Amino acid sequence: MNKRCGTPQYLAPEVLLGVYHYAIPAEMWSCGIVLVAMLCGELPWAEASSESSDWNLWLDKNPELESKTPWTKIDLETLAFIRKILHHKPSKRYNIEQILE
C-alpha cells in the first residue's frame, strides 16, 4: 500500500509519510493506539510525526515521557508491551502472534 487513509491520530508513521507499506503492521499500530485510548482514556499524540513533541519524546525514549499523560496512567510493564506494538519500524513491531503470546 502507499496511500494515506484514516484518522491521523491512529495512523502509523509509515502511513503518515505516504510511503509504500504493508497493511498488517500499520493495522497493528492502530490497534496499539486503540489500546492506549482504552487503558488511559486519551490518545498519546496528535500524530506520529516529527511535528509532534509527544511523538518525539516517545521516539527518543525520553525519560520525561513517563511523567506525562497518558503514560502516567499505566504501569511500566504495560508501557513496555505498548512500546513493542508502537515501534516506529514496522519490521520490529509486534505482530498478532507475538501479542497473543
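**Figure 1. A salt bridge joins Glu14 and Arg93.** In this predicted model, the closest N and O atoms of the two side chains are 2.9 Å apart. Side chains of opposite charge can pair when their charged atoms come close.

**Figure 2. Two salt bridges involve Lys73 and Lys68.** Glu42 and Lys73 meet at 2.7 Å, N to O. This pair links distant parts of the chain, with Glu42 in the loop between helix 2 and helix 3 and Lys73 in the loop between helix 3 and helix 4, 31 residues apart. Glu42 has 25% relative accessibility and so counts as partly exposed; Lys73, at 45%, is also partly exposed. In the other pair, Asp54 meets Lys68 at 3.1 Å, N to O. Asp54 is in helix 3 and Lys68 in the loop between helix 3 and helix 4, 14 residues apart. Asp54 is partly exposed at 26% relative accessibility, and Lys68 is partly exposed at 29%.

**Figure 3. Ring pairs link five tryptophans, Trp29, Trp45, Trp55, Trp58 and Trp71, into a cluster.** The model has eight aromatic pairs. In one of them, the ring centres of Trp29 and Trp45 are 6.1 Å apart and the planes are at 35°, so the pair is tilted. Trp29 lies in helix 2 (residues 23-40) and Trp45 in the loop between helix 2 and helix 3 (53-59), so this pair ties together parts that are 16 residues apart in sequence. Both Trp29 and Trp45 are buried. Trp45 also forms a tilted pair with Trp71, at 6.2 Å centre to centre and 45° between the planes. Trp71 is in the loop between helix 3 and helix 4 (76-85), so its pair with Trp45 ties together parts that are 26 residues apart in sequence. Trp71 is buried, as is Trp45.

**Figure 4. The charged end of Arg83 sits over the ring of Trp58.** The charged end of Arg83 is 4.0 Å from the centre of the Trp58 ring.

**Figure 5. The loop between helix 3 and helix 4 holds Pro70 and Lys61.** Most residues other than glycine have a negative phi, and most peptide bonds are trans. Thr69 and Pro70 are joined by a cis peptide bond, with omega about 10°. Lys61 is not a glycine, yet its phi is positive, about 50°. Lys61 has 58% relative accessibility and therefore counts as exposed.

Note on methods: Residues are numbered from 1 along each chain as its sequence is written. This is a predicted model: local features need pLDDT of at least 70, side-chain atom pairs count only at pLDDT 80 or more; totals for chains, interfaces and linings use all residues. Side-chain values use heavy atoms; hydrogens and water are left out. Rings of Phe, Tyr and Trp (its six-membered ring) pair if their centres lie within 6.5 Å; planes under 30 degrees apart count as stacked, over 60 as edge-to-face and the rest as tilted. Helices (H or I, at least four residues) and strands (E, at least two) are DSSP runs, numbered from the N terminus. Buried means under 20% relative accessible area, exposed over 50%, partly exposed in between (1.4 Å probe, protein chains only). A charge sits over a ring if NZ of Lys or CZ of Arg is within 6 Å of the ring centre and within 35 degrees of the ring normal. A salt bridge is a side-chain nitrogen of Lys or Arg within 4 Å of a carboxyl oxygen of Asp or Glu.
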